[in-house]
Structures are given as C-alpha cells and as structure tokens.
Amino acid sequence: MTHLTRRRLATWAGSLLFGLSLGAHAADAFPSKPIRVLVGYTAGGAVDAVARSVGQRMSAILGQPVIVENKPGAGTNIAIKALTTSAPDGYTLLLAANALAVNPALFQPAPFDLERDFTPVSLVGRVPVVFTVREGSEFKSLAQVIAAAKAKPGVATVMPPGNGSTPHLAMELFQHTAGLSLRHVPYKGGAPALTDVLGGHVDVVAVNALEALPLAKAGKLRVLAVMSGERSAVLPGVPTVAESGYPGFEASVWYGFVAPAGLPKPVQARLHEAVQKSIESPEVRELLAAAGGVPLPGPVEQFDKLLKSDAARYGKLIREANIKPD
C-alpha cells in the first residue's frame, strides 16, 4: 500500500467517523425546536385531522411543539416542493397520502423522484375508500350500480375528489376490473363531492371513509361497499368489493410521514419511534377507527415497500387509462 493510498484511507475514515459522531450528536440534541408538519390538503380534511392528532401526541413524546402547516394545491405538489427544498434536519416533515406515490406518473414531467428526494419516516394508518349514495337513491347495492352501468354505459355518474386522487384511481381500477363505463365528474375535494351527491346531482361518490362516515351515521348517505381488503369494523354489514364478486380487489388511503432526502439515520430513528408511539395512543386509534381505519405499526422498510408497490400499481393504471391531472 502506497503512502498516498494510506493517506486517502485515513482521510476517508476520519470523515466517516466525523459523520457518525455528527449523526449521534444530532440524535442526542434532537429535537431542540418546533417541528413543522406540512399537509398538502386544506384544513379540516381527513389528512389534516390525522396530522393534528398524531402531531399532538408526537409533541408530548418529543417535548417540542409540532406545528401543522396546510399547503394545498397542485395535487399536493406545493407541499411536496416545500418539503424537498427544506433542510434534511428532521424539523420539516410531510404527512403524505397515496399522492406521493402517484404524482410522478400523473404529472409530466415528473415533479419529483420518489426514491431520490425523500426519506421515509413511518407509516401511520390506513382508511378504506367507500362507494356511497344519498339515502334516497334508487341504488341499494353495488350490484345495482354495476347492472345500471352495464345496461346503459355512462348513465350512472360517479365523482371522486380530484383527478389522480386515491378515490379517483380506486374507481378507475374498479371500472377496469369490472368492465364498466361510469361517467366521471371530478371534484376539487371530498366536501363538494359529498354536497352534490346529497343534492341528487350525481349518483355515486367514491371518497375516503373518514369524510363519508359522519354523514352515513346521520342517515344522509348509504354506503354500498368498502374498497379495503376486509370489512370495516364500523360498517360490519357493508360488504367489500372483493366480496361483491371481485376477489383480490383492494384500494385504501394510507398516511405516512416523510422527510427530505439526506435525513441522518439517528434522527430518522428518533422520529420513527415517536410516530410509532403516537399511533398506539387511544386518541389516534379512535380517530382511525371512527372511519373504519387501522394504525399501521412497523419498520421504515414496510413504508418504503408500500411506496414502491403503489407507484408501480397506480403508475401502470394512469398510463393505461390516460389519466391527466385537473
């Protein structure tokens, strides 16, 4: 080994030890100031509610305020851009939903690279997408909607909240699976979509269960089917799509925290631990359970795997159905 080679090795080893020391110090000191959680949706929606509930528990665990900041617009890309341009120090996080895996295929050119631009921190939970109609609708079951759509393609109208949203992609996936043609009326969010189905302007809405269940419990909506792989605990009498003749069908909304790329491993581990403890709290469990959802505890690798599998599944659907953003 030459003197130059030994010197390079010594320099590399010294840099590595310094980096490890810096990472350990960052973990010991973290957090020393408030943590910002970005949400790419409006205040009062499902993702916002989850962010605030989990953030409150994280604040108690970490000993620092966790501040939720809503940055809606551009299919959540505004919030995602704010995250990727932030320092990878653990003080800026994003509570993401499925759009994080979907947007690189939905928007062209791709606004970000899923593997290059983020550090996964932790999954939070999963809530089903539901098919629902107004209580006075002629449709009493999913089978009746399917029969009407097959008898007169395009007559039955369905609206999901926004092109490329999880409910929209779930509905497109269902149409593809069932061989249906439903007239698609996109909305900017779940609230206006639900308002129009209640008013009788459209027939069926596919939305996050967190948004639909309060109206269903009030007797204003009738839930025809849930798109999750198993029945909802709060809707035990409502069949899944899989049970309705389409075995293996599954579409749910998931929530998870991500940080910018380059987050130090010790800080990632500290945040992951805080989220995992938060989703075990009664407050967060009750919020998810109220919509038939469940917490998703598990290692970071579980979240990373989900991101990649959803990107592949929905990316294929977007290309084949030629889905474009609003």
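Helices (H or I, at least four residues) and strands (E, at least two) are DSSP runs, numbered here from the N terminus. The structure is a predicted model, in which local features need pLDDT of at least 70 and side-chain atom pairs count only at pLDDT 80 or more, while totals for chains, interfaces and linings use all residues. Residues are numbered from 1 along each chain as its sequence is written, and side-chain values use heavy atoms, with hydrogens and water left out.

**The largest cavity**
- A cavity is a set of points on a 1 Å grid over the protein atoms alone where a 1.4 Å probe fits but cannot get out, and its lining residues have an atom within 4 Å of a point.
- Among the lining residues are Gly40, Tyr41, Thr76 and Leu100.

- In strand E4 (residues 118–134), 15 of the 17 residues are buried, that is, under 20% relative accessible area with a 1.4 Å probe and protein chains only.
- Two strands pair if DSSP finds at least two bridges between them; E4 is joined to strand E9 (residues 252–260) by nine bridges, and the two run antiparallel.
- Five bridges join E4 antiparallel to strand E8 (residues 221–226), where Thr132 stands opposite Val223.

Key:
On a 1 Å grid over the protein atoms alone, a cavity is a set of points where a 1.4 Å probe fits but cannot get out, and a pocket is an open set with protein on both sides within 12 Å along at least five of seven lines; lining residues have an atom within 4 Å of a point. Buried means under 20% relative accessible area, exposed over 50%, partly exposed in between (1.4 Å probe, protein chains only).
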